[in-house]
Amino acid sequence: MSDEQAPPTAPDAEAGPRGGQTPDWAHSFGGVADAYERGRPTYPAEAVAWLLGDQPLTVLELGAGTGKLTRVLTSLGHDVHATDPDEAMLAVLEQQVPGVRTAVASAEDIPLADASVDAVIAAQAFHWFDLDRALPEIARVLRPEGRVCLTWNHRNEKIPWVRRLGTLIGTQEQQDDPAQALIFSELFGFVEDHEFSHWQTIDRRSIQDLVLSRSNVAVLDADARAAKLAEVLAFYDEYGRGMDGMQLPYVTKCYRAFVLDRPAATGATEADDGGQGTGGDPPADGPDDETLLIDFR
């Protein structure tokens, strides 16, 4: 499709802010799933390797969206179970990463058995969670010494033109210090962090998708979205040859922490393990495939 053809579209703002209603930011992406897939950047493989290590793991991905992170995880050999509360986002993921197990589910109600995964990871999603409910759920499904991993792509707005673009696009999903909830949680240990730099190629088409994929734009009505696109395209056109082939710089911020040991379930006795004194530890081979997943496709 030529850059001069009609811009990408998003549905009329059925969930948009009207009459003083508060927009449902966290569930605003389904109607712009295709724009999200086309416009959002990927994640650096070295960042994922830092988060998860160099051995293949069983990974639960929360808020997987259209699979931007999922395809990096699978390319590194991890066994991924991808969840998202939005079925439209998961439908795109299933097209892009065929064969990955998926479930429409939230971080507050994870459809997995206790101690069933090595790692839980969330990209561009943790700030949407109800953490009072989500953190215990994450800890519940992690195996002993399992880890929780968080990552966000941030435009590098130290660069003036990128800062100007960010002002035009706006945001509704940044959080001052996303690691705070982990730092003060009694469920997880020391929080490590690291940053990685990478770039996304931007052209006249994909910059429109990038704008439409923002939650603060997705909840606007059709006229307001069109006005926002016009602003961004006017900015784009100021660059003469445009941003075709230019690189939009990102900083990928990563956080990881290991789950702390949890006390054995109340009422556990030696009789529970046949008198072998295992303290209720799971079998050496772990739970079988039938108990790992509930309602996964």
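The side chains of Asp209 and Arg205 form a salt bridge in this predicted model, with an N to O distance of 3.8 Å. Both residues belong to helix 8 (residues 204-212), where they are four residues apart, or about one turn of the helix. Asp209 and Arg205 are both buried.

Lys228 counts as buried because its relative accessibility, 19%, falls under the 20% cut-off. Glu231, in turn, has a relative accessible area of 40% and is therefore partly exposed. Salt bridges with shared partners also join Asp114, Glu137 and Arg140 into one network.

A search of the whole structure gives 10 salt bridges. One of them is formed by the side chains of Asp79 and Arg101, at 3.1 Å from N to O. This pair links distant parts of the chain, as Asp79 lies in strand 2 (residues 79-84) and Arg101 lies in strand 3 (residues 101-104), 22 residues apart. Asp79 is partly exposed, with a relative accessible area of 34%. Arg101 is also partly exposed, at 25%. In general, side chains of opposite charge can pair when their charged atoms come close.

Asp79 is also among the contacts of Thr58. Thr58 is located in strand 1 (residues 58-62). With a relative accessible area of 14%, Thr58 is under the 20% limit and so is classed as buried. Apart from neighbours within four places in sequence, Thr58 is in contact with Asp79, His81, Ser116, Val117, Asp118, Ala119 and Arg143.

Ala134 is part of helix 5 (residues 131-141). The relative accessibility of Ala134 is 0%, so this residue counts as buried. When neighbours within four places in sequence are left aside, the contacts of Ala134 are Ala107, Glu108 and Phe129. The C-alpha atom of Ala134 is 7.4 Å from that of Asp109, a residue 25 positions away along the chain.

For the chain as a whole, 11 helices and seven strands are assigned. Of the 297 residues, 50% are buried. Among contacts with a separation of 6 or more, 79% are between residues 24 or more positions apart.

The average pLDDT of the chain is 78, and 72% of the residues score at least 70. Residues 1-30 have pLDDT below 50, and in the model this stretch makes 57 contacts beyond near neighbours in sequence. Residues 265-297 likewise have pLDDT under 50, with 35 contacts beyond four places in sequence. Where pLDDT is low, predicted coordinates should not be read in detail.

How values were computed:
Residues are numbered from 1 along each chain as its sequence is written. This is a predicted model: local features need pLDDT of at least 70, side-chain atom pairs count only at pLDDT 80 or more; totals for chains, interfaces and linings use all residues. Side-chain values use heavy atoms; hydrogens and water are left out. Helices (H or I, at least four residues) and strands (E, at least two) are DSSP runs, numbered from the N terminus. Buried means under 20% relative accessible area, exposed over 50%, partly exposed in between (1.4 Å probe, protein chains only). Contact means heavy atoms within 4.5 Å. A salt bridge is a side-chain nitrogen of Lys or Arg within 4 Å of a carboxyl oxygen of Asp or Glu. pLDDT is the predictor's confidence in each residue, from 0 to 100.
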